[in-house]
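Here is a short report on one structure. Read it with the sequence and the coordinates open.

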Amino acid sequence: MAKAPDNFWIAARQATALTRLRKSRPKNIFKGQVQYDKSEISGVSTVRMTVIPQGASLPQSHAIDETANVNFTRLKKPPALFALNWQKETESRWTLHWSLDSAEQCWGLGERYGGLNLRGRTHTLFATDDDLHIESSDPLYKCIPLLLVQSAGGTYGVFLDSPAPQFWDLDSERNGTANVRLLSRRAWSVYWFARSTLPEIVAAYTKLTGRCSLPARWSLGHQQSRWSYSTERAVRDIAAEYRNRKIPCDTVVLDIDYMQDYRVFTVSQERFPRFERLVSDLGRLGFRVVTIVDPGVKRSAQDATFREGRRMAAFCTTSDGSLFVGQVWPGASCLPDFMKREVRVWWGDKLDFLLSRGIAGIWNDMNEPALFGNQRPLKANAQELPEDADQLFLQYDIDGEIGHFEVRNTYGQQMARATHEALRKVRPDERPFVLTRSGYAGIQRYAAVWLGDNKSWFEHLRLSIPMLLNVSLSGVAFCGVDIGGFGESTDAELLIRWYQLGIFYPFCRNHCALNGRPQEPWSFGPATEQAIRRLLHVRYQLLPYFERLFVEHRESGAPPMRPLAWHYPDDLTARQLDDQFMLGPDLLVAPILQRGKTRRPVYLPDGHWFKFDGGSQVAGGRFHDVEYEMDSVPAFVRGGAILPIAGAVQHTGQLPTAPITFRCYGNRARGRYWQDDGATFGYERAEYNDWTLTLNRGRFSAKCVHNGFASPARRYFYEAAGHRYPLKNLAGSNTD
Ligand code: MIG
């Protein structure tokens with residue numbers, strides 16, 4: 001598949017390395033069955049290889065979206081496009097290897113610390129709570145074994161569907177080989193997506209593993225969090241500050257201190273004596289409340305959740321049958337085995353404690369699972385999988401008892417699934433909001449994600465772009481990082497710069513650790529507050545555009561955040577950049593990422609562009625040295641785009657009646673405007689409106705493609721060449 005490298009030295013190195021590999025590789029000791037299947041998924045030729053060791057059962061996938069009904073047909077032998085070699089080297093170790101062309105970059109693999117191109121180092125997939133993200137960080141919270149290999153010639157994909165520990169060595173020895181070590185005693189599958197375009201590969205992968213449903217509109221608004229707002233008073237004050245200062249916000253998030261002694265499904269009577277009243281009062285101000293829920297259940301006969309869980313054998317046990325006990329926030333705690341269906345149902349029913357009190361969404365933390373004092377239970381360079389009995393605890397899978405490490409990477413996934421399914425059950429026609437720290441391939445079907453404990457460092461501001469791009473390309477469209485940074489203390493400059501970028505994260509939440517100084521938008525004086533207010537207004541103005549992007553994610557799998565190469569695959573400069581990105585097809589975001597800087601080089605691909613602020617036209621096909629003020633919006637709009645811009649609001653509850661202006665960029669432009677209730681699954685019952693917008697030599701028209709939603713009365717305008725004109729009517733909606 002890889003064409004011969006043009007560089008002689010690379011070729012020579014590769015040849016030596018391969019001989020060395022061949023010599024050093026133990027022989028294949030595999031005994032069992034291998035199956036090959038093929039399918040055409042969203043136009044991409046896909047081959048699946050399933051490897052079933054003697055005595056093992058068929059693999060049960062935790063990634064595949066069963067409702068997608070992708071059909072495979074059996075093949076007699078591996079087809080030519082399947083360029084992957086593999087072997088079983090020891091009783092618990094497998095290796096897969098193939099060669100990489102010298103020009104190929106490696107993207108994807110979910111949550112990785114570092115730049116967009118993952119080539120040149122090793123990446124461990126073993127769910128880990130790492131609260132110090134530095135350059136040598138390797139395993140993090142999420143494990144998504146999808147690699148996208150891309151070059152000017154196109155992109156191909158490799159998806160290794162196994163929740164067991166994986167080590168991906170992406171040419172760390174610079175000899176042109178990718179080498180994956182999988183530690184497992186069970187069956188597994190690998191999918192090979194044949195070379196195609198980047199959007200097509202992501203379409204195929206998300207067809208297979210699912211796409212997120214449209215987010216509840218409120219969850220796309222600004223969320224304010226902190227570890228912790230630990231009294232009713234503190235929560236009310238935050239909400240009041242937001243409304244008094246007219247800074248847009250939709251959600252207040254409650255971290256672990258709302259509970260009694262950190263016990264799950266409790267509320268502190270002392271600090272939150274009138275919890276329900278608090279939630280409903282906030283609701284009247286247009287706020288939703290989200291609460292954290294960790295998996296650890298306090299091992300205590302006084303705790304009702306523990307008693308119930310023990311009675312129904314919900315908790316993970318060790319090999320001698322006793323309860324596994326680990327240290328987490330409530331102290332000595334037990335972990336529910338979310339692999340069991342009845343445990344997921346039970347946990348879901350328990351969530352009613354929060355849902356019946358009006359809690360709008362659930363935030364799952366610590367679900368790697370994290371254990372104090374034992375965050376890395378597997379050696380960094382493990383070559384063997386410990387025996388089942390030595391994998392911390394046992395879990396259950398279709399074929400019975402199984403060592404935890406074999407399925408560790410889905411622990412958080414199964415918890416998020418239980419939570420998602422509970423919300424669907426209790427509120428069948430409401431779009432659920434679940435946020436999770438850990439997850440596996442397919443996590444997008446159950447939850448939005450944030451990338452855990454970053455710090456208030458410019459370095460982490462900068463890295464949030466490539467990290468979120470790789471997460472997005474790995475199928476997880478609804479993602480973000482803590483704005484302002486979680487650990488350490490932020491300052492005015494960093495907070496402003498972070499909001500300049502953060503208003504473009506699909507998930508937009510300010511969150512801060514226990515010891516950091518407060519970082520709500522008003523914490524640094526009036527000038528900072530004013531800048532952030534303006535930036536958040538822009539976030540809300542763009543929400544109709546965000547909603548359209550999520551509609552397109554459902555249609556095609558395209559994530560809102562995309563590398564430039566998504567749209568400009570032949571542009572060699574664009575392919576190298578990971579300090580700027582596309583938000584959908586129309587916005588290019590290029591923020592300041594260094595302290596003390598007010599300018600930066602911005603690359604605009606071919607075509608013409610418009611500054612988001614002020615709308616001046618800028619030529620594409622080259623770099624520009626761009627200066628940004630403290631309240632500037634660091635974005636450029638593609639010439640030929642039409643953006644629906646909403647009028648100013650304080651929260652999404654006010655959006656349906658806010659006027660919409662279709663802002664046209666250039667004198668020939670096209671756009672799309674989508675409208676629904678933003679809250680229910682009505683869009684699946686055709687209750688939405690969908691318009692194609694065009695501007696042709698000054699003539700604006702909105703063509704209704706679908707008309708199924710009775711929108712409340714609102715006013716519409718279009719804006720072209722700096723003038724704004726009222727629109728008489730938009731078919732399919734009520735205008736006044
Ligand atoms: O051991 O709940 O990543 O967002 O504020 C720390 C307290 C536990 C880690 C999460 C962070 C959260 C914090 N949690």
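Two strands count as paired if DSSP finds at least two bridges between them. The model is predicted. In it, β21 and β22 form a hairpin with two residues between them. Strand β21 covers residues 394-397 and strand β22 covers 400-403; they run antiparallel and share four bridges. One of these bridges links Gln395 to Ile402 in β22.

**An open sheet**

Which strands make up the open sheet of three? The order is β39-β40-β41, with antiparallel pairing. β39 (668-675) and β41 (699-707) sit at the edges, and each pairs on one side only. Neighbouring strands here are turned by 15° against each other on average, direction ignored. Between β40 (residues 689-696) and β41 there are eight bridges. Asp690 has His706 in β41 as its bridge partner.

**Ligand surroundings**

The ligand is surrounded by 13 residues. The closest are Asp255, Asp365, Arg437, Asp453 and His511. The table gives distances from an oxygen atom of the ligand to an N or O atom in the side chain of Asp255, to a polar side-chain atom of Asp453 and to an N or O atom in the side chain of His511.

| Residue | Ligand atom | Distance |
|---|---|---|
| Asp255 | oxygen | 2.5 Å |
| Asp453 | oxygen | 2.5 Å |
| His511 | oxygen | 2.9 Å |

**Nonpolar cores**

How many residues does the largest nonpolar core have? It has 188. Phe193, Val293, Trp347, Phe504, Leu583, Leu587 and Phe662 have the most contacts inside it. Helix α11 (residues 458-473) gives the most to this core, with nine residues. Another core lies apart from it and has 33 residues, among them Val51, Leu84, Leu109 and Val149.

Take Phe662 from the largest core. Leaving out residues up to four places away in sequence, Phe662 touches residues including Ile642, Tyr673, Leu693, Phe700, Tyr716 and Leu730.

Arg217 is in helix α3 (residues 217-220). Is Arg217 buried or exposed? Arg217 counts as buried because its relative accessibility is 11%, and the cut-off for buried is under 20%. Beyond four places in sequence, Arg217 touches Glu547, Thr652, Leu655, Pro656, Asp676, Asp677 and Gly678.

Asp349 belongs to helix α7 (residues 341-350). Its relative accessibility is 42%, so Asp349 counts as partly exposed. The side chains of Asp349 and Lys425 are joined by a polar contact of 3.2 Å. Pro544 is 195 residues from Asp349 along the chain, and their C-alpha atoms are separated by 34 Å.

**Backbone exceptions**

Most residues other than glycine have a negative phi, and most peptide bonds are trans. The following sites depart from that pattern.

The peptide bond from Trp227 to Ser228 is cis, with omega near -5°. Ser228 falls in the loop between β14 (223-224) and α4 (232-245). The bond from Glu368 to Pro369 is also cis, with omega near -5°. Pro369 is in the loop between β20 (361-364) and β21.

Met366 is in the loop between β20 and β21. Its phi is positive, near 60°. Met366 counts as buried because its relative accessibility is 6%. Ala721 also has a positive phi, near 45°. Ala721 lies in the loop between β42 (716-720) and β43 (723-726). At 77% relative accessibility, Ala721 counts as exposed.

Terms used
Residues are numbered from 1 along each chain as its sequence is written. This is a predicted model: local features need pLDDT of at least 70, side-chain atom pairs count only at pLDDT 80 or more; totals for chains, interfaces and linings use all residues. Side-chain values use heavy atoms; hydrogens and water are left out. Axes are lines fitted to C-alpha atoms, for helices over the stretch in contact, and angles run from 0 to 180 degrees between N-to-C directions. A nonpolar core is a set of buried Ala, Val, Leu, Ile, Met, Phe, Trp, Tyr and Cys residues joined through side-chain atoms within 4.5 Å. Buried means under 20% relative accessible area, exposed over 50%, partly exposed in between (1.4 Å probe, protein chains only). Contact means heavy atoms within 4.5 Å. A residue is near a molecule or strand if one of its heavy atoms lies within 4 Å of it. A polar contact is a pair of N or O atoms within 3.5 Å; within protein, one must be able to donate a hydrogen and the other to accept it, and residues adjacent in sequence count only if both atoms are side-chain atoms.
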